[in-house]
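User: I'd like to learn how to read the features of a structure like this one. Could you walk me through it?

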Amino acid sequence: MANDTNLGSSYNGYYRSSPKLENIELTHVGPGTACGEYLRRFWQPVCLSEQLHDLPLGLRILGEDLVVFRDLSGDIGLLHRHCSHRRASLEYGVISEHGIRCCYHGWLYDVDGTILETPGEPAESAIRKKLCHGAYPVIEYKGLVFAYMGPLSTKPDFPIYDSMEMPENEMVPYAIDMPCNWLQVNENPMDPYHAVYLHSRATGVQFKQSWNAEGIVEWHWMPNRVGIFLTDTRRWQEFIWVRTAELFPPNFAQPSDFNQDASHETFFARACASKWIVPVDNTNCKLIAWRHFNDMIGSKPDYSKIGINKVDFMGQTGEGRSFEEQQREPGDYEAQVGQGSITIHDEEQLGKTDTGVARLRGLLRRHIRMLAQGDVPPRPDLNTEGRIPTYTGDFVVKVLSVVGQEELQQRDFGRKLARILVDTLSLGFNDRQAEVKRRLLTPD
Amino acid sequence: MANDTNLGSSYNGYYRSSPKLENIELTHVGPGTACGEYLRRFWQPVCLSEQLHDLPLGLRILGEDLVVFRDLSGDIGLLHRHCSHRRASLEYGVISEHGIRCCYHGWLYDVDGTILETPGEPAESAIRKKLCHGAYPVIEYKGLVFAYMGPLSTKPDFPIYDSMEMPENEMVPYAIDMPCNWLQVNENPMDPYHAVYLHSRATGVQFKQSWNAEGIVEWHWMPNRVGIFLTDTRRWQEFIWVRTAELFPPNFAQPSDFNQDASHETFFARACASKWIVPVDNTNCKLIAWRHFNDMIGSKPDYSKIGINKVDFMGQTGEGRSFEEQQREPGDYEAQVGQGSITIHDEEQLGKTDTGVARLRGLLRRHIRMLAQGDVPPRPDLNTEGRIPTYTGDFVVKVLSVVGQEELQQRDFGRKLARILVDTLSLGFNDRQAEVKRRLLTPD
Amino acid sequence: MANDTNLGSSYNGYYRSSPKLENIELTHVGPGTACGEYLRRFWQPVCLSEQLHDLPLGLRILGEDLVVFRDLSGDIGLLHRHCSHRRASLEYGVISEHGIRCCYHGWLYDVDGTILETPGEPAESAIRKKLCHGAYPVIEYKGLVFAYMGPLSTKPDFPIYDSMEMPENEMVPYAIDMPCNWLQVNENPMDPYHAVYLHSRATGVQFKQSWNAEGIVEWHWMPNRVGIFLTDTRRWQEFIWVRTAELFPPNFAQPSDFNQDASHETFFARACASKWIVPVDNTNCKLIAWRHFNDMIGSKPDYSKIGINKVDFMGQTGEGRSFEEQQREPGDYEAQVGQGSITIHDEEQLGKTDTGVARLRGLLRRHIRMLAQGDVPPRPDLNTEGRIPTYTGDFVVKVLSVVGQEELQQRDFGRKLARILVDTLSLGFNDRQAEVKRRLLTPD
């Protein structure tokens, strides 16, 4: 009986109460789903190295029940959780010199799924030849374990972003469980306006005073539309300060430094974190990431605050706070999980400030449909050092204010920076740092 | 394979084990359901005033997720829980001078759903004009907050029952959560026979010794069949004692005083509570009510025992008792919740004692179908003071017993009272009290 | 997009990730299901006598909500949980001289479902004549309560297995809840290979050192295929040692003694437990059993360790151990529950060692389909004492090893024992003990 013509009237709750459906194409991730197939074409982090010890670890990734372990020879296995023989859980398996042995009847699986032993079966049994246990290739890299869960024929090289090989940089892994669909967490980096409210004006300043300044935000396509980055430009005392952020589809993003205070000139101070939002299933995800610490970052690592379900800034996890505390000072966790298990896009009202969110959804949809049609979604080009060049950073430059033209001046500065970042993509890390600085200091 | 011909044999469990379905027409309450639409045509209490403080309160009513709050200017807002912008939960919203501000991006909603601010959006943005956030009208009345969740065109005046404006009466609000369908709680007042067993003979006397007396029960239609009331008449020492009870559809009822001991003549001692059974969703409801305290009531308020999930008589809540204690002395809570999430009418065996329950279901069904066909279910007429006159009370009158005719005498007395109550409906409160007494003392 | 041709390759997880369905025919047990109908043709234990005291006990069996109680005259009633009148839960009922009285309106039910009283209803009410409450016949036997939940016309005699009436035998009841489908627990006895791994090699010896010896296993049909038994034969020092085990469909099994150490000659040392795996619903079951203690058994009863959710060998319950402890030393409980709520047969890879499991499933399927077609699945013949003769035991016989022919010698010995057990089925208990010994000691 609801009547859409009443949506603009006050006290219209009755007319807006019909339940609507979630966006299945972008949010369902199990085997065989469109989005699940797409996500399976990328290396995904699944756990931290420190979670691998003398017992196997049960995991759920993309709707699949898995077990991960490091065998006694040091190799990591990521296997389907239930034994291929009688489906006992390999969480109770015994880690062996090579692979893992099921507790129930002793079948032994190598890390690649090869069935090494089927005790009790006749020597001539064909089982071991005709079947492998479900397994996925893994790569361990700087304290994170990555897996590739797609078809082997399309397995890409493991992608190394330039921020993962910065000089004099310490990387501290962490992982945070979130009981909501992956997309609502994944969209956050393309939504800079939330910082002004959630992290500053809503209940008090969560990071630095400077976060309260509203900037001029513009979203930019990476070349060949392989991803999106944004410039967020503002006047800050004698400086123009640009924060950038980026998202490489489907689910890799980097934020600029939460502790940056723009107290002096800075040129391409790099991201303070590199993070993936990995779907656990349709209604759960986990953020798996590194915090970066180096001379560009405004804090030192406090190891006691970074790890499993913890990170060194507020409002990022569901642990350790009462509901009242969450209400009094909500953070990203409350904002994103509070949208519900799977938010309903048809109930949203996107505005100009949501341009990044809308673009990201469009880009994901485009890639998902390309794949479904047999095409290959584009990937970023590598730089001369074989890394994927990134865009996230802080740029603080002394620029005299042009009275009456401040907004135009800031917009032009942001656009100039965006051009420079794109123009310098192919350079090696140090060369790019220098070239970005040189061009930013060069008047147009 | 079940065979109905065996239902009357002993050890027939096998033949009665096929699961049956609940009565969807009377029990499902979400948006768009027949019963949900019907319930939405009435003002419903949703919380207690005392639950509104400096943080918003999440609620679920009629299957809808909502948030309620009192803004800094004192107005109460009842809004759809998820922000119209990006669906963050307004449980984390910041209560403002006027309305509430979403924590995520700062959209500000007035208590009527008007979007007052969309920070970051251009000044000329049309969003605020074309859309209001889902909101419901509310009225705060004597410590309860009421909402109207139906179409605005059919919004009725807020109904004031005469018992809500009695002289020298103190009203103490309370609310009790019950994990079962609303109807099984709602039917209880029309079922006086449970008092004899549940509250007296089953496990011991829960209220007064007098409850153990079985009375002569008769159910009466209110004029124009707007509701049902009953008379429960018994001999008690030198008195004839009539307890009445009533139900105004869909879900307002009043019981007579649990502590009445009929120790002296009494004329229309009014209800000890006024209560609504409000569906939370299909399998949960909450009782929201006032306890009345005045010269007619046999107890004084113990405020420590009346409030959120507590009331000053036993067996009404699920809190504070072990399962063994519940088993040893079950109350209304155990009887009603124990019927299951949604009871199955097709598995019941209604008898003569269930006449009130059967009538109530028939009346609800009739009103639900009237509404579905575009008709307006009837509502009670107001008295000369603009109140809805009610029927619940205790009547204790000295009457000599007519030996050998006791049953007939009691039945006639009950019927006489029912006539008097109906005849005096239009009178003001005090006039009716006097007139009922006068006529009860007048021999026929 | 999965491609079955890749199942034998390494890292093939992607190709094995499509979810498959459970075997509904063998695992679903509610009213009207094929397997549920089959299970309902047998007496099933439902609780321990010690669970019956002054309060009724709620149960769930074969997907039906029930209540069991012993009335004040000593009779046991097993009734549908919800009152036939208004469906209040009889968990809150008042146990009476005969039967149980509902707390809500006082209807009184005899243990056979006869409605003895409907208080408040007119004396001439026909309700009591036309309807009985759902009830099931029960038999109490040596501390267990058994029920028959099928149609009365096919109710079999209560079956007494010979092990339930052994001389000088103490029987200690116990019951263990398991949150998984009944079949995965029920199959375990026909799977002797798990003992070598799960109970010995996987994480350490759980019972006796001797369990680590792999035997020669052969499965045998009982006459007329009424059930399956197995012989598990091995060389143990100067002895040939045969352990047998049996399963009478649908769900009765007996294991040989866990504490047997084969240190001396032994002839038909009987089962250490008699157990039923009773479905609670599709995803829960309970093991209800007796432990036997007599001169043949290598342990004395420790009553503190046998009862509700406990038994005197490790890894059998979900209580009392952390997940880490379960991982470090998994037992039957972890192996079986870890297969998931309902395991997926289509994901298994059965081998020669799973012959017993495969045979059992085939036998259950055959019986289920016979019943569905109106035929009667076969039942075992009774011995001269009116008992069902059983096969489970330990047999330890001094036999010189025939060098180079050990395997053949053990196989022949196991087959000889199987023949003897079948040949002697009709004998009384003591006669059979003697005859089995005599023939085992007689050279062929």
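Predicted model: local features only at pLDDT ≥ 70, side-chain atom pairs only at ≥ 80, totals over all residues.

User: Why quote an area at all?

Analyst: The size of an interface is often given as the accessible area lost when the parts come together. Here, the contact takes 46 residues from chain B and 47 residues from chain A. On the chain B side, B:Arg86, B:Tyr92 and B:Tyr104 lose the most area to chain A, together 20% of what that side buries.

User: How many salt bridges are there across the interface of chain B and chain A?

Analyst: The rule finds 4 salt bridges there. One to look up joins the side chains of A:Arg328 and B:Asp54, at 2.9 Å from N to O. For polar contacts, the rule gives 26 residue pairs across the interface of chain B and chain A, both residues being at pLDDT 80 or more.

User: Which elements of chain B supply at least two residues each to the side that touches chain A?

Analyst: Those are helix 3 (127–130) and strand 9 (135–136) of chain B. By residue type, the side of chain B that touches chain A divides into 21 nonpolar, 13 polar and 12 charged residues.

User: OK, and how many residues of chain B are in contact with chain C?

Analyst: 47 residues of chain B are in contact with 46 residues of chain C. Chain B and chain C bury about 4,000 Å² between them, and 56% of it is on carbon and sulfur atoms. In chain B, the residues that lose the most area to chain C are B:Tyr11, B:Tyr14 and B:Gln349, together 21% of what that side buries.

User: What is the count of salt bridges between chain B and chain C?

Analyst: The count is 4.

User: Which element of chain B gives the most to the side that touches chain C?

Analyst: The elements giving two or more residues to that side are helix 5 (193–201), helix 6 (323–328), helix 7 (332–337) and helix 8 (355–372) of chain B. Helix 6 of chain B gives the most, with 5 residues. The side of chain B that touches chain C has 16 nonpolar, 19 polar and 12 charged residues.

User: Now symmetry. What rotation superposes chain B on chain A?

Analyst: A rotation of 120°, with 0.1 Å of shift along its axis, superposes chain B on chain A at an RMSD of 0.0 Å. That is the relation of a three-fold axis. In chain B, the C-alpha nearest the axis belongs to B:Thr283, 13 Å from it. Chain B is also superposed on chain C by a rotation of 120° with 0.1 Å of shift along its axis, this time with an RMSD of 0.1 Å.

User: Let's do sheets. How do I read the strands?

Analyst: Strands of a sheet pair through backbone hydrogen bonds, either parallel or antiparallel. In chain C, 4 strands form an open sheet in the order 2-3-4-9, with antiparallel pairing. Its edge strands are strand 2 (57–61) and strand 9 (135–136) of chain C, each pairing on one side only. Strand 4 (residues 76–80) of chain C is joined to strand 9 of chain C by 2 bridges; C:Leu78 has C:Tyr136 in strand 9 as its bridge partner.

User: How many bridges join strand 2 of chain B to strand 3 of chain B?

Analyst: 5 bridges join strand 2 (residues 57–61) to strand 3 (residues 64–70) of chain B, and the two run antiparallel. For instance, B:Ile61 is the bridge partner of B:Glu64 in strand 3 of chain B. These two strands of chain B form a hairpin with 2 residues between them, and B:Leu62 in the turn has a positive phi of about 50°.

Notes:
Residues numbered from 1 in each chain as written. Chains lettered and ligands numbered in written order. Heavy atoms only, no water. Contact = heavy atoms within 4.5 Å. Buried area = accessible area lost by both parts, 1.4 Å probe. Nonpolar A, V, L, I, M, F, W, Y, C, P; charged D, E, K, R; others polar. Least-squares fit on C-alpha atoms with pLDDT ≥ 70 in both. Pairing = 2+ DSSP bridges. Polar contact = N/O pair within 3.5 Å; in protein donor to acceptor, adjacent residues only side chain to side chain.
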